[in-house]
Amino acid sequence: MAQVLLKDLNKKYDEVHAVKDVNLHIRDKEFIVLVGPSGCGKSTTLRMVAGLEEITAGEIAIGDRVVNDLPPKDRDIAMVFQNYALYPHMTVYDNMAFGLKMRKFPKAEIQKRVQDAAEILGIQDLLKRKPRQLSGGQRQRVAVGRAIVRHPQVFLFDEPLSNLDAKLRVQMRVELKRLHDRLETTAIYVTHDQVEAMTLGDRVVVMKDGWIQQVGEPLELYTKPSNRFVAGFIGSPAMNFVDVGIQGSDSSLTAQGTGIRLAIPPVNASQLGPYKGQRVTLGIRPEDLHIAAGGDQAGYVFDAVVDVVEPLGSEILLDVKAGPNSLVARVEPTVRLKVHDGVRLAVNPDRLHFFDMTSEKAI
Amino acid sequence: MATAYLLLAPATVLLLGMLAYPLGWEVWISFTDFSPLNDHGPRFVGLENYRHLLADAEFWRAVVVTVGFAAATTLAKLALGVAFALLLARPFRGRTLVFLAIFLPWAYPASVSVIGWYWTLSPPIPTAYSPFMGTLKYTVDGALGGGAWAFLSVTLFNIWRGSSFIGVFLLAGINAVPPELFECALLESRSAWRRFWLVTVPLLRPFLALAVFLSLTTAFADLANVWLLTAGRVVFPVVGTQAYWLAIKGGQFGPASALSLMLVPFLLAVLALLFRAFDPPAEARA
Amino acid sequence: MNPRPWWRRAGHAGLLLVATVYCVFPIYFMFVQSLKTAQEDVFGNPFIVTNPTLENFEELFERKGQPRNFVGRALRRDYPFFVWLENTIVIFGGSVAITLAAGVAAAYALGRLQPPGFRWWRRAIFATYVVPHTILFVPLYQVIIRLGLDDNPVVLLLVYPTMALPFCVWILSAYFQNLPREIEESALVEGASRAAAFYRIVLPMSRPVLIAAGIFALGTIASDFMIASVFLLSEHNQTIPAGLATMEVALDELLAVAGINLMAIPVVLLCAVFARGYVRGLTAAMIEGA
């Protein structure tokens with residue numbers, strides 16, 4: 001168990017600056033998720049923690065030890081890879097025992113630990129098989145088992161679920177979470193899937209182009225994204241963005257876009273005051289849009305035309321057009337609308353997001 | 001990176017010492033009049049040896065025979081090899097046995113099978129089959145000229161052994177191609193012949209190219225084997241053996257080197273062409 | 001799919017039969033001769049043996065110095081077959097081992113460590129095949145004399161590997177290049193040093209490709225008799241192929257054929273045992289690679 005400190009971490013390849021000034025304090029026992037699109041530097045960061053990539057500049061400390069110059073084997077970490085990286089010529093048992101053997105544990109201890117881990121993961125019956133005789137989900141479990149037998153200080157996960165089919169992925173997600181609650185080992189988890197990030201992480205780190213965009217608890221990222229990228233990346237379907245101009249007097253500001261005009265709610269008025277006469281990006285989450293009813297205030301509704309209807313059972317996703325803007329609204333499954341129908345939508349005035357056009361930062 | 005060079009060292013040193021250096025020497029000597037029969041050391045004569053060669057009708061005859069031999073054996077080996085591989089591609093009862101049978105000509109050491117083969121086709125002493133082989137030999141020699149039978153026997157041997165190698169090699173190639181691709185082809189066309197040319201051949205192209213090249217290189221080794229075995233009774237001149245003759249029997253190392261080097265650019269050109277098929281440039285890799 | 005009609009299956013079987021006979025017959029023929037007595041060799045049916053005898057094989061192993069019979073007025077020379085066999089085993093085993101060791105090292109460097117220009121390096125190694133050994137005897141002989149290895153079997157341990165190395169490096173490096181990097185990395189994280197990760201993980205899991213490379217090397221090396229007979233002059237240094245080539249064929253035809261078979265049997269058995277591994281290894285190297 002240990003905390004992990006990343007200080008001004010940088011990674012440069014010949015032409016690519018993959019990780020830029022990353023500072024992160026991962027607390028003991030914390031499950032932290034690095035998430036971002038491919039090429040954002042999340043895997044590189046993880047591999048630097050593992051010792052598989054050299055650090056160009058900066059410092060990594062695990063526990064109280066600076067590990068920059070330690071080879072992977074001396075860092076007391078365990079890693080689960082996307083393709084599981086099981087040793088094809090060894091049985092499941094030998095796969096799981098390999099790390100312990102390399103560390104010269106006594107035989108009895110190895111046996112006990114492998115048995116324990118196998119029990120936790122429900123793979124006792126597979127110990128004599130070779131990896132190629134296992135299904136994807138079973139391989140995944142073996143890979144996790146191999147990581148937990150050593151009781152390392154830190155678990156590293158590099159997209160461990162992305163080779164599984166959708167159903168299995170959800171199941172393994174839950175199991176990983178349960179496992180972490182049980183073992184209470186610090187874990188760093190890399191994924192490109194924001195749902196995984198939100199469900200697994202105590203805290204989530206959103207990265208893009210080598211920079212950390214935001215660090216926070218899952219709901220914090222969702223409700224208070226610090227910039228347009230995070231807002232768009234977290235949440236599915238993604239947040240709708242509309243280009244608007246800020247107009248009116250200080251007491252009654254409006255956001256005027258092409259084909260859409262909304263009043264600015266009082267909660268946002270003070271921050272948006274300085275933007276009067278300028279253009280900003282308005283962000284509305286799909287669930288903050290609903291079919292307008294009598295109770296909605298006039299300033300917060302607009303008209304649109306249905307473009308696509310996607311019924312999902314529990315809800316319906318409406319793709320609509322308001323002028324040139326395409327928006328997605330998440331509405332009740334009882335709504336009956338057809339393509340090309342006109343629809344009046346209302347926004348939830350407490351949940352509007354505004355972003356600066358040039359810096360893309362939240363306003 | 002230092003590790004990488006260290007690991008490359010043994011292979012590189014072996015190849016440099018046993019191939020590159022002798023080759024370099026050969027190139028240098030080909031520009032001289034070096035001969036153990038001369039009192040003086042090698043004297044630089046420029047392109048003289050090459051000029052002589054190009055003007056020599058015997059050389060051109062050797063070139064024609066060499067290219068013909070290489071092309072004919074390679075084509076035959078490829079055709080047979082492809083046939084073997086396709087025969088074995090699908091499971092059937094007894095496949096292992098047939099596979100082993102096809103593997104046998106290559107696995108049977110050529111160093112000794114070439115001797116056996118040659119004696120079988122040209123029995124040196126009276127045996128039960130000598131009269132028959134003798135008649136055959138005289139018929140062939142009579143029709144095609146002296147030494148034709150010996151030459152033919154080398155050709156047959158090379159095809160026999162090479163087709164075994166190529167067959168097994170291509171079988172491995174077929175196994176390496178995802179079966180979906182062949183199944184997909186089954187939907188595309190009902191004609192097996194068309195499928196073969198439009199799907200199987202392109203899919204196996206890299207392996208075919210590699211096989212062709214390896215086949216070419218063994219063609220010359222086999223020829224030289226028999227030439228040595230028969231003490232030059234293979235009358236048909238081939239570039240490699242002609243050079244050997246010049247060097248060992250004639251002591252004319254300069255011209256011999258020039259002659260033997262004529263093979264290299266030819267093979268190099270073939271290799272450059274084939275590299276495009278079996279070693280495509282880096283961009284394909286992630 | 002429909003079951004294939006009987007005539008297609010019969011055709012397939014027929015082709016298989018033809019292929020098998022074509023491949024096996026010459027070897028069968030040689031084998032049959034080696035089991036014959038001299039008398040049957042001359043007067044019997046060439047395709048079968050009616051009184052199989054091992055006397056030709058036995059005779060090969062007769063010690064030097066023991067009297068041998070005359071054929072007419074010619075004394076039949078005796079041959080140190082045991083010594084040849086020993087030389088052959090040492091030289092073949094050693095050459096295959098050297099080829100594999102040097103090949104694996106180079107292939108790992110090219111396929112995995114990928115120093116700058118590794119592609120060209122790999123091509124250059126393969127391109128050495130354009131130089132037929134047959135044209136290099138004279139300069140090679142000079143190298144060998146300079147190394148003080150004239151008429152020394154060690155020569156073959158240096159020359160033979162160069163015949164098989166290019167292909168072995170080619171397939172091994174293609175295989176290493178396609179091996180998921182994570183497997184090695186996982187071993188590093190698990191507590192292995194780079195060297196341990198290589199010999200405990202990479203090497204054992206490459207077994208099929210190593211077998212393929214080894215069998216190819218053996219097949220290639222076993223096909224040479226020219227280099228052996230040019231560079232090994234004294235009788236007691238020769239390998240079986242070189243030795244057989246010095247036999248008086250006219251006198252000892254049956255003996256020679258028996259020698260051929262004796263030399264071939266172990267090689268063929270080795271190849272047969274590893275035949276499936278050979279194909280599997282080639283396939284493994286070719287998947288995505290080549």
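Analyst: Start with a term: helices and strands are DSSP runs, numbered from the N terminus. This is a predicted model. With that numbering, the largest share of the lining of the second largest pocket comes from H14(C), with 5 residues.

User: What is the volume of the second largest pocket, and which residues are closest to its centre?

Analyst: The volume is about 1100 Å³. Of the 30 lining residues, A:Pro88, A:Arg132, C:Tyr175, C:Leu179 and C:Met205 are the closest to the centre. By class, the lining has 18 nonpolar, 5 polar and 7 charged residues.

User: How is the size of an interface often given?

Analyst: Often as the accessible area lost when the parts come together. Here about 1700 Å² is buried between chain C and chain A, and carbon and sulfur atoms give 65% of that area. On the side of chain C, the residues that lose the most area to chain A are C:Val189, C:Glu190 and C:Arg200, together 39% of what that side buries.

User: How many salt bridges does the rule find across the interface of chain C and chain A?

Analyst: The rule finds 2. C:Glu190 and A:Arg150 meet through their side chains in a salt bridge, at 3.1 Å from N to O. Two or more residues of the chain C side come from each of helix H8 (181-190) and helix H9 (194-205), and H8(C) gives the most, with 8 residues.

Note on methods: Residues numbered from 1 in each chain as written. Chains lettered and ligands numbered in written order. Predicted model: local features only at pLDDT ≥ 70, side-chain atom pairs only at ≥ 80, totals over all residues. Heavy atoms only, no water. Buried area = accessible area lost by both parts, 1.4 Å probe. Salt bridge = Lys/Arg side-chain N within 4 Å of Asp/Glu carboxyl O. Helix = DSSP H or I, 4+ residues; strand = E, 2+ residues; numbered from the N terminus. 1 Å grid on protein atoms, 1.4 Å probe; cavity = no way out; pocket = protein on both sides within 12 Å on 5 of 7 lines; lining within 4 Å. Points joined across faces, edges and corners; volume = space filled by probe spheres on them. Nonpolar A, V, L, I, M, F, W, Y, C, P; charged D, E, K, R; others polar.
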